[in-house]
Amino acid sequence: MRLHKTLPAVILMSAVFMVLSVCAALAGQTDGTEINKAVAVLHPTRSNNVTGTVYFSRTPQGIKVTADVMGLSPGQHGFHIHEYGDCTAPDGTSAGGHFNPENQPHAGPDQAQRHVGDLGNIEADNSGNAHYERTDTHLKFDGRDSIIGRGVIVHAGVDDLVSQPSGNAGPRVACGVIGVAKD
Ligand code: CU
Ligand code: ZN
């Protein structure tokens with residue numbers, strides 16, 4: 001007898017809960033405050049001519065990084081997110097070390113344990129142009145470990161993906177700051 005009274009109430013409450021959940025999910029997608037895209041414009045450090053643009057876009061698989069860099073020497077160049085979005089020093093050292101909020105060792109981009117900022121290398125052709133694309137699961141736009149406001153550095157040399165603390169990639173030839181971009 002009691003079952004006949006409580007069962008409809010349980011079904012009604014479940015239905016209300018499901019409707020509220022769907023509404024909350026939809027609101028999260030459309031409130032317009034979520035960051036979906038970011039950009040860093042790379043400027044040359046002193047006595048270099050390296051310029052470029054790096055886009056970061058939210059995808060279901062992670063943050064997609066797309067970089068186009070010019071003015072490089074042919075070959076590989078270390079490419080990282082550094083702790084500070086500060087390119088004021090002529091040699092780029094004001095950007096600090098690799099962005100490493102989880103206190104991990106330096107490594108290659110495909111290693112599970114790495115600096116969040118470890119994006120590996122970009123490779124320039126004989127004209128000094130490099131194109132880089134990678135969808136990365138370590139990068140975040142939100143929370144304490146957000147990459148927004150951090151620095152992007154391109155190095156003169158190759159990141160060996162092993163040497164601590166930064167892959168022995170040599171001087172910094174370009175620096176940029178990651179800012180929020182229009183979707
Ligand atoms: Cu670096
Ligand atoms: Zn690193």
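Modeller: The model is predicted, so local features are reported only at pLDDT of at least 70 and side-chain atom pairs only at pLDDT 80 or more, while totals for chains, interfaces and linings use all residues. Residues are numbered from 1 along each chain as its sequence is written, and chains are lettered from A and ligands numbered from 1 in the order in which they are written.

Biologist: Which pattern does the chain follow along the sequence?

Modeller: Helices (H or I, at least four residues) and strands (E, at least two) are DSSP runs numbered from the N terminus. The chain holds 1 helix and 9 strands. Read along the sequence, the pattern is α-β-β-β-β-β-β-β-β-β.

Biologist: What percentage of the residues in the chain is buried?

Modeller: A residue is buried if 20 or more other C-beta atoms lie within 10 Å of its own, exposed if 12 or fewer, and partly exposed in between, with C-beta atoms placed from the backbone. The chain has 183 residues, and the buried share is 32%.

Biologist: Of the contacts with a separation of 6 or more, what percentage joins residues 24 or more positions apart?

Modeller: Two residues are in contact if their C-beta atoms, placed from the backbone, lie within 7 Å. Among contacts with a separation of 6 or more, the share from residues 24 or more positions apart is 62%.

Biologist: Which residues are in contact with Val 154, leaving aside its neighbours within four places in sequence?

Modeller: Val 154 is one of the core members that touch the most others. In soluble globular proteins, nonpolar side chains tend to be buried together. With neighbours within four places left aside, the contacts of Val 154 are Leu 42, Val 50, Val 69, His 77, Phe 79, Ile 122, Val 173 and Ala 174.

Biologist: Which residues of β7 are buried on each side of the strand?

Modeller: β7 is mostly covered, with 5 of its 5 residues buried. Both faces are covered: one side carries Gly 151, Ile 153 and His 155, and the other carries Val 152 and Val 154.

Biologist: Which residue of β8 stands opposite Gly 151?

Modeller: Two strands pair if DSSP finds at least two bridges between them. β7 pairs with β4 in the antiparallel sense over 4 bridges, and Gly 151 is there the bridge partner of His 82. β7 also pairs with β8 in the antiparallel sense, over 5 bridges. In β8, the residue opposite Gly 151 is Val 177.

Biologist: Which residue in β5 is the bridge partner of His 77?

Modeller: Because 6 of its 7 residues are buried, β5 is largely enclosed by the rest of the structure. β4 and β5 pair in the antiparallel sense over 5 bridges. Within β5, the partner of His 77 is Ile 122.

Biologist: Is Asn 126 buried or exposed?

Modeller: Asn 126 lies in the loop between β5 and β6 (130–136). Its C-alpha is 7.9 Å from that of Gly 75, although the two are 51 residues apart in sequence. Since Asn 126 has 8 other C-beta atoms within 10 Å, it is exposed.

Biologist: Which peptide bond is cis, with omega near 5°?

Modeller: Pro 165 lies in the loop between β7 and β8. The cis bond, with omega near 5°, runs from Gln 164 to Pro 165.

Biologist: What is the phi of Asn 168?

Modeller: The loop between β7 and β8 contains Leu 161, whose phi is near 65°, a positive value in a residue other than glycine. Asn 168 is found in the loop between β7 and β8 as well, and is partly exposed because 16 other C-beta atoms lie within 10 Å. Although Asn 168 is not a glycine, its phi is positive, at about 55°.

Biologist: How far apart are the C-alpha atoms of Tyr 84 and Ile 178?

Modeller: Tyr 84 is located in the loop between β4 and β5. Leaving aside neighbours within four places in sequence, Tyr 84 is in contact with Ser 94, Ala 95, Gly 96, Arg 150 and Gly 151. Tyr 84 and Ile 178 are 94 residues apart along the chain, and their C-alpha atoms are separated by 9.8 Å.

Note on methods: A nonpolar core is a set of buried Ala, Val, Leu, Ile, Met, Phe, Trp, Tyr and Cys residues joined through C-beta atoms within 7 Å.
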